Amino acid sequence: SVASGSVSVEEDFKIGFDIINGGSAKASNIKVSVSNDQSIICKSQSIIMVDSMDKGENKRLEFTFNALRDAVTKNYPIAVNVEYEDDSMDGKGEKQTITQYVGVYVENSKTGESGSTPRIIIDRYGISTGQATAGQTFEIVLGILNTHKSIDVGNIGISFLADEGVFLPAAESTSTVFIDQIKAGNRVEKKISFVTKFDAVPKSYVLNINFEY
């Protein structure tokens, strides 16, 4: 979970999430860290170490951030990095790395912006399978929020483009989604299906999401 709507400069906000050992064996020497733009600082400890997690074990983590006074009004990505050792027989103690991104919309009224332009952001998301697997279909659920307190937005077009073309729209889906209207302060949920290229190299890829409204 992440701060709902937008956050203001010089205002603390928190990002919380669960790490889950969804594998078939114990994971050890788990290092969870966050990476962020220089306009955002992590006020809590930016690295958390977990000795081990058994199969199926779940652990809740939370980081506290603050947007600096000179931060530009925009959506900032924060990377959540998880490094661990795979204790399964197949893994033989090999190190594994997973990176996911969280977007935080910072609104700076102290830089002279009028604040009259409505903004829409993705304030929550989820992947149906937990992660994308080469050659398989997965579904992304997006929560799309109009952060403005009084202005509705309409004729919204949302397009998707993945790094290296690794994610393609599934047969029943499309690379562009249209929304007639999102009222002020309201959220609309959309589900989009993708299929991962069968020869995709195991690593983190960025799915770019562009808004027009």
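Trainee: Let's start with Lys183: what does it count as at 45% relative accessibility?

Mentor: The cut-offs first: buried means under 20% relative accessible area, exposed means over 50%, and partly exposed is in between, with a 1.4 Å probe and protein chains only. Lys183 has 45% relative accessibility, so it counts as partly exposed. Asp152, at 35%, is partly exposed as well. Keep in mind that this is a predicted model, where local features need pLDDT of at least 70, side-chain atom pairs count only at pLDDT 80 or more, and totals for chains, interfaces and linings use all residues. Residues are numbered from 1 along each chain as its sequence is written, and side-chain values use heavy atoms, with hydrogens and water left out.

Trainee: Which residue does the side chain of Lys183 meet in a salt bridge?

Mentor: A salt bridge here is a side-chain nitrogen of Lys or Arg within 4 Å of a carboxyl oxygen of Asp or Glu. Lys183 meets Asp152 that way, at 3.9 Å from N to O. Lys183 sits in the loop between β13 (176-182) and β14, and Asp152 in the loop between β10 (137-146) and β11 (153-162), 31 residues apart. The strand labels are DSSP runs (E, at least two residues), numbered from the N terminus.

Trainee: How many salt bridges are there in the whole structure?

Mentor: A search finds six. Among them is Lys203 with Glu164, 3.0 Å from N to O. That pair joins the loop between β14 and β15 to the loop between β11 and β12, 39 residues apart, and both residues are exposed. Another is Asp18 with Arg60, at 3.4 Å.

Trainee: What about the nonpolar cores: which residues touch the most other members in the largest one?

Mentor: The general idea is that in soluble globular proteins, nonpolar side chains tend to be buried together. A nonpolar core is a set of buried Ala, Val, Leu, Ile, Met, Phe, Trp, Tyr and Cys residues joined through side-chain atoms within 4.5 Å. The largest has 26 residues, and Phe17, Ile19, Ile30, Val32, Phe65 and Val106 touch the most other members. A second, separate core of 21 residues includes Ile140, Val153, Val166 and Val177.

Trainee: And how do I read a pair of rings?

Mentor: You describe it by the distance of the centres and the angle of the planes. Rings of Phe, Tyr and Trp (its six-membered ring) pair if their centres lie within 6.5 Å; planes under 30 degrees apart are stacked, over 60 edge-to-face, and the rest tilted. The count here comes to six aromatic pairs. Phe167 and Tyr205 are edge-to-face, 6.2 Å centre to centre with 75° between the planes.

Conventions:
Helix = DSSP H or I, 4+ residues; strand = E, 2+ residues; numbered from the N terminus.
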